[in-house]
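Work through the exercises below with the sequence and the structure side by side. Try each task before you read its solution.

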Amino acid sequence: MKLTIPTLRPLLALAMFLCLRLAASAQGKLEDYQRSERLKTQLKDKVYYAPQNSSWSASGQRGWYLIQTPRGKEFIAIQPVTQTKALAFDHEQLARQLAAATQKPVEAYKLPFSTFTYSQDDQQIEFRAEGYVWGYTLASKQLTKKEPIRDESRPYWASSQKEQSTRPVYSPDSTRTAYLKNHNLYVRSEKSREEIQLSFDGSEGDYYSDQIRWSPDSRKIVTMKVRPNEKHLIHFVRSSPDDQLQPKLENREYLKPGDALPIRRPQLFLLDQNKHISIDDALFNQAYNLSRVDWRKDSQTFTFEYNQRGHQLYRVLEVKATDGSIRPLIEEKSPTFIDYSGKRYRHDLADGKQIIWASERDGWNHLYLYDAATGKVKNQITKGEWVVRQVMNVDEKKRTVTFAASGKVPGQDPYFVQYYRVNLDGTGLVPLTAENANHSATFSPDYTYFIDSYSRVDMPPVTVLRSAADGKVLMELEKADISEWQKTGWRAPEVFTAKGRDSTTDIWGIIIRPTNFDPAKKYPIIENIYAGPHSAFTPKSFMTSNRSMFELAELGFIVVQLDGMGTSQRSKAFHDLCWKNLKDAGLPDRMLWLKAAAQKHPELDLDRVGIYGTSAGGQSSTGALLFHPDFYKVAVSSCGCHDNRMDKIWWNEQWMGYPVGPHYAECSNVTNASKLQGKLLLILGEVDDNVDPASTMQLVNALIKANKDFDFLMVPNMAHSSGGDYGEHKRRDFFVRHLLGVEPPAWTELEKKSNEANRVKQE
């Protein structure tokens with residue numbers, strides 16, 4: 001039979017396809033795992049002259065930062081007046097003295113601390129190491145051992161405040177103390193010791209709070225009366241405790257969406273009149289929280305903030321101290337949600353006569369100046385299709401505000417942070433930084449100078465000293481050296497943009513390739529997802545510490561990360577996509593982005609797309625298989641909040657709203673478990689007290705009931721985590737097995753080769 005060209009074409013196509021598959025199957029082998037492991041070592045601590053920590057002395061006459069150099073960690077001090085820099089102290093002398101004092105080896109350029117503070121006169125530094133606070137005098141080079149480090153561990157984040165301490169609270173003039181006794185409020189004269197009971201209706205179930213606020217004139221008191229809620233406890237078993245053989249049953253206080261909350265009501269006491277006024281709660285009777293009780297300096301009024309449950313109404317309220325009458329100074333409303341947990345900002349000027357307030361009311365996060373006398377907006381301070389990210393300083397005398405913002409510079413990545421100063425009347429906007437990069441500034445205490453370190457994922461950090469008046473560069477401090485990274489064949493991530501679901505909005509992300517990347521090959525895609533609406537998560541600065549995606553790519557993948565709609569730091573409309581719809585996770589935008597990337601880069605194989613994430617990313621990665629099985633084929637989900645009714649109250653009611661309605665179930669991976677297609681690995685920390693472990697266990701139960709094939713790993717003693725080293729290895733093996741179609745190398749073989757490599761290195 002004679003083969004014609006048309007006859008050959010299908011055969012050639014088949015041959016090409018098989019070659020590509022064969023090439024792909026060469027990935028995920030032992031040598032790839034070894035290269036990935038080597039890369040971890042080769043990249044760690046090998047970005048030189050890129051400041052990590054930075055700070056200033058209280059005087060503002062000295063700044064400092066910590067850098068990695070070829071010989072180790074070095075603390076560098078700068079003096080802005082003379083525009084000089086040098087080692088902050090004699091590292092070798094300090095190391096010798098610290099070693100002698102602790103009887104432990106101390107290396108000069110591997111000192112056991114990463115931060116310090118200057119004394120008030122800048123002549124001594126203070127640091128913490130080996131359980132003690134130490135002082136080191138710069139001129140005499142003398143080390144002094146001070147007091148032991150106090151236990152500063154914080155209570156568990158979800159523990160409620162009891163507010164029942166009997167500690168006395170002194171009046172500003174120190175003539176009286178206020179305190180609680182038998183759930184009621186008392187005052188006592190410090191001179192006569194006479195005790196006066198101010199309240200008489202406190203009880204165990206409706207008590208007065210120990211958060212006592214005296215007026216500046218010492219004649220009035222405000223505190224809260226609290227009706228506590230029933231505690232919600234989560235329970236888990238620690239199977240393998242370190243201190244005993246038998247397991248332990250543990251619990252944590254942990255409110256969930258829909259749970260009852262404490263009821264707080266402000267109470268005003270006028271001591272001269274022996275009068276108790278319970279403030280009318282008509283303007284704050286559906287509180288998620290009441291916060292920030294502040295007296296004005298003239299003692300005539302106090303203010304507090306009211307966050308209505310459901311987070312669609314937020315008020316700043318003012319109470320007149322003469323009669324307890326109340327009025328709103330600021331009222332913020334939203335048909336979706338007010339991002340109180342991420343964008344709330346308030347600064348009172350001239351003892352509250354004016355207020356700077358952050359709001360997204362015009363569709364972007366901006367600053368407004370309020371006239372407190374009228375409760376009206378005096379003027380908008382910042383404006384435009386960009387967002388204020390952080391207020392750094394308000395200068396009341398000069399009537400200026402210094403702030404960080406993103407999205408203001410056309411043509412730049414809209415997430416890049418730049419710094420500005422503007423007058424409070426909205427005029428005179430001055431950019432303090434401008435380079436096309438993500439900036440991070442550390443200002444001197446008097447806001448005269450700032451250390452500015454800027455970089456991109458494809459540009460190593462540059463660090464300069466600037467004037468805070470106009471942003472002028474006063475001194476070039478450091479330019480990062482990445483030559484050690486380049487020797488490994490490391491490839492800088494590619495920044496890629498594509499249109500989202502509305503065909504208008506740009507979606508920004510990065511593409512990471514292995515060091516042995518071959519454009520003739522086809523590569524499975526793995527997406528690292530975290531779609532929590534509280535921020536944006538794709539790296540924007542040089543990835544000095546965030547290296548795990550490079551290691552994963554070495555196994556034969558292309559790894560991507562991006563921010564879809566529903567995340568923060570863009571417009572309010574962009575953010576609102578998450579409201580009552582966390583299952584969306586920006587996945588429609590992510591799929592379009594990946595399709596556009598594959599169109600530009602044919603090496604991206606859209607037939608083999610995996611996804612992984614932790615916490616909210618755990619929810620989203622599993623959701624990708626449940627709601628978009630035609631696109632996502634493999635997922636690894638760690639410690640996921642798979643049902644938002646099972647997770648912490650503050651985070652979930654912020655985005656999913658209140659009351660708990662049918663939309664919670666519609667977004668639940670547990671409810672939708674029967675839809676599972678593709679390959680799923682669930683990883684869980686046995687004692688996760690950030691996301692209730694039952695969230696994952698209920699998903700496991702639902703998958704079993706639906707007769708679905710999946711993999712599950714519970715790590716004993718592990719808290720909220722991606723899985724640790726063991727879980728990371730399992731995650732990589734899972735992707736190699738199901739995306740590359742290759743059986744991963746045996747762990748014993750990997751360990752053997754690793755030991756051999758270490759032995760050769762030591763020899």
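This is a predicted model: local features need pLDDT of at least 70, side-chain atom pairs count only at pLDDT 80 or more; totals for chains, interfaces and linings use all residues.

Residues are numbered from 1 along each chain as its sequence is written, and side-chain values use heavy atoms, with hydrogens and water left out.

**Exercise 1.** Find the order of the strands in the open sheet of four strands, and explain why one side of β24 and of β27 is left without a neighbour.

Solution. Strands are DSSP runs (E, at least two residues), numbered from the N terminus, as are helices (H or I, at least four residues), and two strands pair if DSSP finds at least two bridges between them. The order is β24-β25-β26-β27, with antiparallel pairing. Because β24 (346-349) and β27 (376-380) stand at the edges and each has a single partner strand, one side of each lacks a neighbour in the sheet. Next, β24 pairs with β25 (residues 354-359) over four bridges in the antiparallel sense, and here aspartate 348 has isoleucine 355 in β25 as its bridge partner.

**Exercise 2.** Determine which strand gives the most residues to the lining of the largest pocket.

Solution. A pocket is an open set of points on a 1 Å grid over the protein atoms alone, where a 1.4 Å probe fits, with protein on both sides within 12 Å along at least five of seven lines, and its lining residues have an atom within 4 Å of a point. The lining of the largest pocket has 41 residues, and those nearest its centre are Ser159, Ser160, Gln161, Arg264 and Asn289. The strand that gives the most is β20, with seven residues.

**Exercise 3.** Decide whether glutamate 653 and arginine 309, which meet in a salt bridge, are buried or exposed.

Solution. A salt bridge is a side-chain nitrogen of Lys or Arg within 4 Å of a carboxyl oxygen of Asp or Glu, and in this pair the N to O distance is 2.7 Å. Glutamate 653 lies in helix α10 and arginine 309 in the loop between β21 (301-308) and β22 (313-320), so the pair links distant parts of the chain, 344 residues apart. Buried means under 20% relative accessible area, exposed over 50%, and partly exposed in between (1.4 Å probe, protein chains only). Glutamate 653, at 0%, counts as buried, and arginine 309, at 13%, is buried as well.
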